Structure formats: structure tokens, C-alpha cells
Amino acid sequence: MVNLTLIIAIPLLMSFTMPIFKMLNQKLPKVIALLTTAFNLLVLTANFSQIMDSAIIIELGGWQAPLAINLYVGPLALLAAFLINGSAFILSIYNLTQDYKFDDKFYLLFLMITAGASGMVMTGDLFNLFVFIEITSIAAYSLTAFAGRDSYEASFKYLVIGGIGSVFMLLGIGFTYSAVGSLNLAEIAASAGLINPLLLQITALLFLIGVGIEAELFPLNFWVPDLYTEAPTAVSGIMSGAVSAAGIYALARIFFTLFPAQSFLNYLLYLGAITLILGELIAYQQKNIKRMLAYSSLAQMGLIVAVISLGTEGAVRAGLFQLVNHSILKILLFISAGVLISAAGSKNIDDLAGLGSKKKTAAFGFTIAAMGILGVPFLNGFISKFMIISSSLNADQFLLTVLILLAAVIEIAYYLKVVQKLYFEDLKIEVKKTAVITIPVVLLTLMIFGLGIYPQLIADPLEKAAAELINNGSYIMTVLGGM
Amino acid sequence: MLTNYIFIPIAAAFIAYILNKRNRKAGAVITALVSAYLLLSLTALYGRWDITQSFNLSLMGYKIDFLLAVNPLSWLFAVMTAAISILIALFSINSQENFKFSSVFNLNFLIIIGSMIGIVFARDFLTLFIFWELMTWTSFYLISAGKKKMAGRAAYRYIILSAGAAYAFLMAAIFIFQQTGSFAFDSAAEFLVANSPAQSIMLLLVISLPFIVKAGIFPLHIWVKDAHGNAPKEFSPFLSGMMLKIGIYGMIVVFYQLSFFKIIENTIAYRGLPLLSYLFALLGAVTIITGTILAIRQEDMKKLVAYSSISQMGYIIIGIAIATPLGFSGSMLHLMNHLIFKSTIFLALAAVIYRTGTTKMYEMGGLIFRMPLTFAAYLTAIIALAGIPPTNGFISKWVIYQALIEKGYLFLAIAAFFGSIASFMYVFKPLSTVFLGQLKPQHQNIKEVPLLMKIPMLILILVIVLFGVFPGIQMNIINQISGYLGIETVNYTLYSIQGANGAWNSLLIFNIFSAGFIIALLLFSFAKKSKLVGLLDTYSSGEYITDAESYHYAYQYYRPFDRLFDNLAAKSLTDFYETLTKNLVRSGEGLRRALAAGKLQNYALYSVLLFVILAAVGWII
Amino acid sequence: MIDIIYRIGHFVLITVFSMALGLLFMGIARKIVARIQKRYGPPVYQPYLDVLKLFGKDAITHGFIFDFGAIMALGGVIATLFFIPLGSWQLYSMEGTVILVIYLLAIASLGMAMGTVGSGNPQASVGISRALMQMLGYELPYLVILFALIYRYQTSSVWGLMQAQAGSFLNWNLFAYPLMAAVAFVVLIGMMGKKPFDSMIAPSEIGSGPVVESGGKYLGMLLLQKSITIIIELALYVNLFLGGAENILIFTFKMLIVWVLATMFGSLFPRFRIEDGIKFFWKWPLGIAILQAIYIIT
């Protein structure tokens, strides 16, 4: 067993020493980033069985729960941390073949995002959560701007909206502290019932907006398309694979553990549903492939939020599974699209025609990921689609089910347009040299098939994570149990 | 092991893909071998209707049983699939020499074969759905690999309609699953019968949606023409011959095994037929009429045959929907026969395309002297399609007529008569414009197709004649199916079928026909020998004929008739659906303009607005 | 053995009889039309001379499909003939159904169409395309009538339908269902390609259409085919609406009456354009047939 604090500490350490590594060797930052994320994955794996047994709580500085900042790593946090660090790992492999202009700074920020997002999911303290959100966001603002002129605007938009989000969040934290007198999540959860209902309402809404921005909820998500479109591929990948997962985690933690009220979940349900259908509708008519993926990403986040907010155990499980799939598939989509874009020298879908025969790996990656998202049998998306429909019908949400399926049809429409273009149309442009992405594509494809054919692989963690979310009493008990 | 029939082709698919990259003929050879293996082993399965296989899986907390079983109905469909695949694979060994996507073709084709067998062996919704999706997706890629541009659009339409319907199916299936705790057909049927009729009917209608789409039944037939017309030439026979039928298979499952007919038994009826069944039959009738009218208009021979497929599906639907023993038997007969003659037609056309490279009828002519066997195959097949005795196509139509007249379903009968008489028109069009008439100068040096492509056509010709004379071979399995589904059986012998108000005796008719033919032949041969002259040596009202091209009547062959339906054809359903999607696009665009126009201050405002609105909502509640 | 020889002899006899009768009818028709148009007209036996002459002449062919088409056309009608009861000669009419007869006739049409189009003459193609379109026009009301009759008498064999009208002449469908008989009469005119439904052969426009390339024995065979077709169609009408007949003489007489009437009616009207012809058939005959059928099935 290895101390889980290292998951946050090591990336932060490595990140700030990145300039030194760069001085030692030009190539070193890439390798360091890869090694760090690999190390994180190892640490998580080492703790896996222990956490599945019972959540690990680490009190920083050795103080008891309500007083000190504590880390809480239950199944849910473990799942999210796996997603975050896994995404970072895969993208680090991808980055090995990429050249960034200021690569020490790039990897500095990249590791910072990883650390921040991991911190978000592991912390047991509200203010600490805020701090980690800020770390993540600030790193993301700067990373976005790495793609040159066009990305500045996107970065600026994200900065402003993210700032507004922070304000809401901070205000919410203030209200909470004034009402409860503690910032420990378990403590707040335990005494949430005592808060004045009106204040509770306002506070919850403040959090909804603050965290909703990270979780890409409508109508707080319009910074997303710009960002995903303009940012470097690896950044789009980590944003949709890791940061949004962390956002979902934070949202779930706040509305399941802290303020478990049906009305808030209903808000989330409606917002999620609107995000879903709106995202798909807009994605359908995009001509820019990255923008299309961005809107599709939004829609998926909406779907996940909506399904999780159904609040039943099955629904939460389905939502979490979809989250896992979303991370895997979107990263694959983004890196394949990235290669296709640089091969064509254009982000326009029409210019990608015929690339299937030239850029075989990337086109294959894109296709398999698209089919995964569309829920073709024997791929992972099929299982989660099945679970989602099942749980949403189980919750008597006919309309939502129909909406989800309708969205899926629209999704088919725009993804297949690209796939057809890739394979069945004639090459129009001169193909440029691009990076090789065989390893990440193979890894991700294996995961897609693995989860599609044998989903039991992650059945246990999912079940435990869902149980943890549903039952906030046990969370409180575990953290405060010593008192 | 029933799984063998499913997974051997699927596994072979990948092998075929890899080998085909090295040798262009390898894929087709493997496909042929695998289908031959399937056919042989399926033959061994005949009569063993008690074989079942099941897997229990606890999937993400859901307890799921995957059930496979073989019964006469599924056996028939499996055999049909395997048989036609052999012929197509044989045909494509040579015909795909210059086909860019031949690896993709064989990969997807084998997966389709496997998944179709999976579909017919499935005894529960989830297994059915999984293989159904697999088939849909692979066929999407196959259709996409066809003619440039149009094939893409066609495949696109196909997948969207199919997927929408399949999702609806999944939703209904999961709904039933939650009520009964099982996906199995048997328990679903029990539940549906016990459940409130209105809900059961709704559920079953939703469940039959994907089958309606696949069978190309009005008003969800819009994908058929373009998909069949533009798919790779070797895939069209399968698409038209087999994949439309799998929709019918699904309908039979819904009607009989999921007790749709039992549930609607006591609802309002017209001439003893529940209105809903009558509605299905009427859909069939409309399908016949629209398919026929549009087929007559086509200038592209593959599209013409595609529309004809749509209309022929109408017959099958009518027969099944009226649910009399004769109707059902007629439908099943027609189903088999349509597979046989339609794949013959498509293969003959594929041979023509292989040699000429075009599908436009007016760009060809006079090919009969260059490709006589192809012509013979086409001729035999269209005689069957038009339902002219003594071929198999007449028998099945005759049985369906018998069923319609027996019950006095006048309007269904009119549609059936219309479709049948008008089919003379559309089948004659390619005959006249492609095979007969003047040979185009650029086609002077065309040769008959190679031997491997001839063999499938020859086999099919023989099968058409065989079943035309001995329909009893088919009736044997059909009666087993009827017995299995609990329908009364029809009396038959090897060469005769007993109708409701008359019998069909094919041997007698075959003999008399031969007699008539012999008398005419004698008369012909006793008369003076005639002198052979060229095709351009004809009566031309005194004009000088300079080139063959302008002396060939092919374009807009039935213009006067088409004029009658110009208005109807202009109002196509396709346009309606296109407008729908266009509006969808526009709404997406409008939403994006309104909300996400790139104004940062708006984005900031949204967050505040959301807070205010939600707070207000919370306040009110 | 004797049985087979007897049967073959029977076949040949009936075939020859029908050919002869059909040719005679054609001669009569030419005479009638001539008289209506105040001409003298050819002698009634002119068609016999024509056929004999044609078989003796040299002919040209355009390839095997041209030969095959002619054989198929004649063979098809000869085969069809055996399913129609002619007076007391019932032949195979007990076993074949009336729908079968309609479709068997199509073999002959297909053969003729294929052979003549195979000549490569576009005028033949135009004629065939017109013929097929018109066929869709008249077959539809005809099949609706057959539908009603079969439903009414619960038998579909021609013999059975004929027997059902036995007894008094009031049982004849002509009197039982006069509207239907009228429709069938109009359809009969269309089937036989008489004016006003003769746009497919329109001699002055498309050089006699289908038969434009046929000469010598080909035209002879097509003439014979035509003559048998006339007999089949008339016989069908007589059997279905005039109660058939006890013996061949009365039967021939009835056929002759229908034939003369049809010829006279036909020569009164100018030619329909194709689409007008179809429209006419679908408007009046089909409409009336449907009404009558609804009356019968309810």
C-alpha cells in the first residue's frame, strides 16, 4: 500500500521542477510527464483492493476529521482518479510524438491539471475542493492558449466564465461556513438538515452554478466549444476526459452527499436533458470536426448528469459507466481527429474526405470510437446505453428515455457523416506528415472492446461507487466515525 | 452448438479481411467456403427442432439469459441465407477484381451472414437486438462501399431509419424486461397476453418498427431504392433477396410468437379480420402500389429492381397480415421465390454492370447476342417475378390471390392485381432496353461473363424451374412452419397445391405448356428457313439509319403512363423526410446563433440568469 | 398408348379448329368494318389466303430471340386454349383456374413482345410499350370482375363458373349482373386491341407497332396466334357471361355474336391516346366493376 497523497504531491512536485528537467535534456519533460502519470496509476492500482473494502481516509497533518483537511478516497473517488490519471497517461503517450513550443511549461501545466483534478476528487474538504478546482482551471486557461493566436480568445472566454464560476462557488462556501461552521464535507452533510431551507436553497444553487461550469452544464457551457476547437489536441483530450469527469464528481458529491434533495436533482435532470438535446442538435450541423466533437462532448456530459440525477442506484451506475466510456471514447476521438486534422491541414470535415486509406490508424481510431459512442454491440457504448435506457425506464422517465434515444439518432447522423467521408470518398487534398499514434489507439481500442465484451471488469467498482453516492449516511459515518 | 453457426462466419470475416488484402480473390473464396459449410451443417440440423442453447450472464447487476434455439422458421431463414451467400460469393470471386473495397466487402458480408443466423436463432429480445444491430451496422458499411456519392447518402438514410427504429425496439424490449425480469420471447408473450391490450398493442407496434423498416414497408420504405440501387452490385442480391426478408421474419415473430394476433383477436374486425391486421395488410397494399408505380418510372435498372422489391414485399406482408392458412403459405412461398428470382435478376444485372460499367438502361442495348446466358437468367427470373406460369413466382402469387378471394378482400386484391400486371411493364423495360434492341457501338466487343459468374446464374435458373414444377418441396417446410406457429396447414402434393376454390397442378400445366410449345415449334420448323439479317436492316419508314444509337427506343419507355403519376411521384415521401431533417438542422443552427454566438458577456449573463431563474423556481415551489 | 394418341389428336384438332375459326372471325370483322365504312371489303376467306401465302414466302430473321419469340407467342396461346371449355369440349378447364388463363395469355404476349423488340426496330418497342400500358388499363377491371365472380360462385375454374349459370338463361351473368357484363365487354374490346384501343398497332403512326418487322412465317405465326387469342378471349366471355353452351355450334354462334358486336362498337370510335385509354379504363370500367364487386361481397 502506498500513500495516496502522493497522487497529488508527486505531479505537483514534478510540475514545478519541470524547467530543471528541461535544462537537463530537451526530451525529458515528455518522459517525466509519462512516468508521473504512470506512477499515479500504479499507486491507485496498489490501493485498489483496499479501497474496494473500505474507503481510505487520510488526515493531513495528523489532525482529527472535522478540524483538519482530510482526503477521502472511496470507490467513487478511486474511479474518478483512475479516469483522470488514465486519461493523462494515455495523453502523455500521445504527447511523446508531439512537439510543443514551450514544452517545459506545457508539461508543467499538464501535470498541474492532473494533480488538480485528482485533488478535486480525493479531497474531503469543501474549501480544499475549491482550491483544487482553481488549480485545475488556471492550468487549463493557460494550456488552452498553447495553440497560437486562435486559442487566445477561447482561453480568455474560459477564464472569464471560470472566474464567474469561482465567485459563485466561493460565495456558496461562505454561506455554508456561516451556516454550519465547518468546511469538512462530512460535517456539512451531517448538519445540512439544520440549515435554514431558504439559505440551503440559495447555497445549493450557488454551488450548482459554480461547479456546473466545470461539469459543462447548459447554459454555463458555451466556453467549451471554443476551447475544444482551438486548444491543442492533448488539452481537448484532458479537458473532456479528465476535467469534466472531475466536474461531474464534484457535482455528484455536492448534490448527493452534501445537499441530498430531490429538487436539486430535478434541476440537474432538466439541465442535463437540455444540454443533451441542444448539444446534439448543434453538433449535427457543425462543419468543423473539433467543434462537432466539442458539442458532442457537451451533449454527453448532459446525458451523464441527467442520468446520474435520476438518483436511483441503477441510474447512477449507468451514468458512471457512461462517464468511463465517455472518457475513453472522447480521448480516442480527439487524438484521432487531431492526427486527421494535421494530415489534412484543415479542421473542415469536408477536407478529411478519403483520409481513411492514408491515415489508417487515425481513421480506424475515429471509427471505432464513433461506433463505441453510437452503441454498437460488443463495444462499450452498447452496455452503457443499455444500462441508461434500462435505469431511466425504471425511474418511469419515458420522456427522458425517448429524448436520449432521439439524441442517439442525431449522434449517429453526424458521426457517420465523418466516417463515410473518411472511407468512402475520394481524397481531395495532399496528405501531410503527422505524428504516429498507434500505441494510444491500440490501448484505447482494447479498452473499448474489453469493456464492451466483458463489462464485468468494472462492475464491482461501479456498484460500490454508486452505493457510496446513494448512501450519504455511510460517507458521514466513515469520516466522522471516530468521534 | 448453435453458436457455431453464428461465430464461425464472424471469425472468418476477419481472416477473410486479412487474406483479401494479399489476394483479391481470397475473401470471396473464404466466404463461399464458410457459407457452404453453413449450408451443409444446417442441412444436418433439419428436423432437430429441439436443440436449444442458453447462456446466463449477470451483466452489471442485470440477470440476463441469452437464448438460442432452432425451429422450422429460423431453419428456413438460415438455410436461405447460407444458400444465397454461396452463390453471391462464387459470383464475386471474379466480379470483384477491380473493386476497391473488396476486403471491406467480405469482412462485412461474413459478419452479416453470421449475425443474420444469430437473429433467426435468437429466442430473446437482447440476443435478437445485438445481432440485429451488428447486421445493420455492417450493412451500412457495405452499402456505403457502393457507387460514389449516392451510395453514401443512401446508406446514411438507411442507418438513421434503422437505428431510430432499433432504439425504439430496445426501449420496448427493456420495458417488457422490467415487467417480466426476462428478455425471452416466451415470457414476453405471456406478459403481453395478460397485460392490458392497449399497452400490449403499443409495445408490439413499437417492437415491429425495425422490422417494418428492414422490410421496406410504406411509409418507411424510403431507404430501399437508393440503398439497393447504389449498393455494390454483388451485395444488392443479398440486400434485396435476404435482408428485406429478415424484416418479414421479425414480423412473423411479432405476429405469432409474441402473440400480436392473439391480443388483437377480439378487437373490432372487418370481414373477420381485426382492424389492425387489416391495417398492416393495407400498408402492404400501398407498398405494392407505390413501389410499382415508382419502379416503372426508373431509368436506372438497379433502382427499378429495388422498387420492384418494395412492391413484392407488399405481397408478403398482405399474406401474413390476413393470417389465413393460404395467406401465410402464399407469403412464405413468395418469400422464398422472391429470394430466388430477385437474386437472379440482381446477379444478371451485376453481370451486365461488370461488363458495361453502367446502370443506366438507356446507355445499353442489344446485349443479348453478347451475353446470352445472362439474358436467359434475367428472362427466367422476370417470368417468375411477373408471375407467369409455369414458374415459381406464379404459384406463390396464385396462392395469395386464392387467400384474398376466399375472404373477399377486394381492395387488397386490387392492389395485388395491379402490382402483378404492372410488373410486366417494369420487368420488360430492362429486357427491352438492355438486352434487346440495338447494340451500342461501344459495347461491340463485350463478352459473356467468366464461368464462375455463370454458375450461380445457371443454378438459380434451374431452381426457378424446379420450384415452378415441384412447389411441394417448399410446401413441406412451410407446413412444418405453419404447424410450429399453430396455423392450419394447406394440402399439397409434390406438384400441386389445394387452394380455397381451385387447385394448382404444376405438372399438368408444365406438360400442357410444353405441348403448346412443341406444336408451335413444329409449325415453325416445317415452314421455310428464314434468312438472318442484321439489326440495322429493318423497316425505318424510309429514313436512312446511320448509327445504332439513335435507333434504340429506351429513354422514358413508359412516358404516357408516367405522365399519369407525375404529380404523385413529385410528392415523394423522401422529400418530406428531407424537409424534416433540414428543419432540424435549421433549428440547431438557430439555437446556436441565438445562444452561442460567441459573445462572452452573454455567457456571463447566462450564469446569473440561471441562478435567478432557478432561485425563482425554487421560491415558487 | 392409344390414350395418348387420342389425346394428341384431340389437341391438334382443337388447335386447328380454333385457328380456323379465329381466322374466319377476322375475315368477318374486315367485311363488317368495310361495310360500315361503305367499302366492299375483302372476301371473308381472305385471312386464310394471307396465312397460306405468308407461310410460303421467304422470311428474314433478326437472330434467335426473334424466332424464339414467335414460337413462344404461338405456343403460349395454344397452351392456354386447353384450359378453356369450348361448348361441350371441356378439356382441362376443370383443373386450371380462370386466373391461370389470364396469366397464361401473358406468356404469349411476352413471347411476342420479346421477339418483336428483339428485331431492334424502335417502332416495335414503342408498340410493345403501349400494349403493356394498355394491358394494365384493361386487366385491372377484368380481374376485379373475376374476383367478384369467383367469390360469388366459390369456384375459380372456368368450367365451374360456366356450370354455375346453368338452368335458365336468366341465370346467365349477362342478366344476373348486367353491369359487370357490360364492363367485361368493354374490356374485351381492349383486350382484342380493337378500336378505340388500338394505339399499340396504329399502322399509320408506328408502322403497325409490334409486327413491324415480321414477315413470312413470322407474320403467319403471329396471325395464327392472334386468331387463337381472339377465340380464347371470346370463349372466356361466353363462358363467364353467356352461360357457355351445350355444344360447339351454339358456342360458336354465341362467340360470333359477341365478336360482331365488339367489331361494330369498335369501329364507331376514334382511337384513344394511351394515357386517355388508361384513364378511361380506370374511371368507368374499373369504377363500375368495383361497385359491382362490393355489391357481391357484402
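**Before you start**

Residues are numbered from 1 along each chain as its sequence is written, and chains are lettered from A and ligands numbered from 1 in the order in which they are written. Because the model is predicted, local features need pLDDT of at least 70 and side-chain atom pairs count only at pLDDT 80 or more, while totals for chains, interfaces and linings use all residues. The model scores ipTM 0.93 and pTM 0.91.

**Stop 1: all chains**

Color by chain. Which chains touch? Two residues are in contact if their C-beta atoms, placed from the backbone, lie within 7 Å. Of the 2 pairs of chains that touch, chains B and C have the most contacts. Chains A and C do not touch, and their nearest C-alpha atoms are 39 Å apart.

**Stop 2: chain B against chain C**

Select both chains. Here 62 residues of chain B meet 68 residues of chain C. Now pick out elements on the chain B side. Helices (H or I, at least four residues) and strands (E, at least two) are DSSP runs, numbered from the N terminus. Elements giving two or more residues to this side include helix H16 (392-407), helix H17 (410-435) and helix H20 (506-526) of chain B. H17(B) has the largest share, 12 residues. By class, this side of chain B holds 45 nonpolar, 14 polar and 3 charged residues. Ala, Val, Leu, Ile, Met, Phe, Trp, Tyr, Cys and Pro count as nonpolar; Asp, Glu, Lys and Arg as charged; the others, Gly among them, as polar.

**Stop 3**

Select strand E8 (531-532) of chain B. Two strands pair if DSSP finds at least two bridges between them. Look for Leu532(B), which stands opposite Thr61(C).

**Stop 4: a sheet within chain B**

Strands E5, E6 and E7 of chain B form an open sheet in the order E5-E6-E7, with antiparallel pairing. Which are the edge strands? They are E5 (492-493) and E7, and each pairs on one side only. E6 (residues 496-498) of chain B joins E7(B) over 3 bridges. Ile497(B) stands opposite Trp504(B) there. Strands of a sheet pair through backbone hydrogen bonds, either parallel or antiparallel.

**Stop 5: chain B against chain A**

Turn to the other touching side of chain B. It puts 41 residues of chain B in contact with 42 residues of chain A. Helices H5 (125-144), H6 (150-180), H23 (573-595) and H24 (600-620) of chain B each supply at least two residues. H6(B) gives the most, with 12 residues. The classes on this side of chain B are 29 nonpolar, 9 polar and 3 charged.

**Stop 6: chain C**

Chain C averages 87, and 98% of the residues score at least 70. An unreviewed UniProt entry annotates "transmembrane region" in chain C at several spans, including 223-242 and 280-297. UniProt positions are given in the numbering used here, feature names are shortened, and annotations may be inferred rather than shown by experiment. Residues 223-242 of chain C are 95% helix and 0% strand, with end C-alpha atoms 27 Å apart. Residues 280-297 of chain C are 100% helix and 0% strand, and their end C-alpha atoms lie 25 Å apart.

Terms used
pLDDT is the predictor's confidence in each residue, from 0 to 100.
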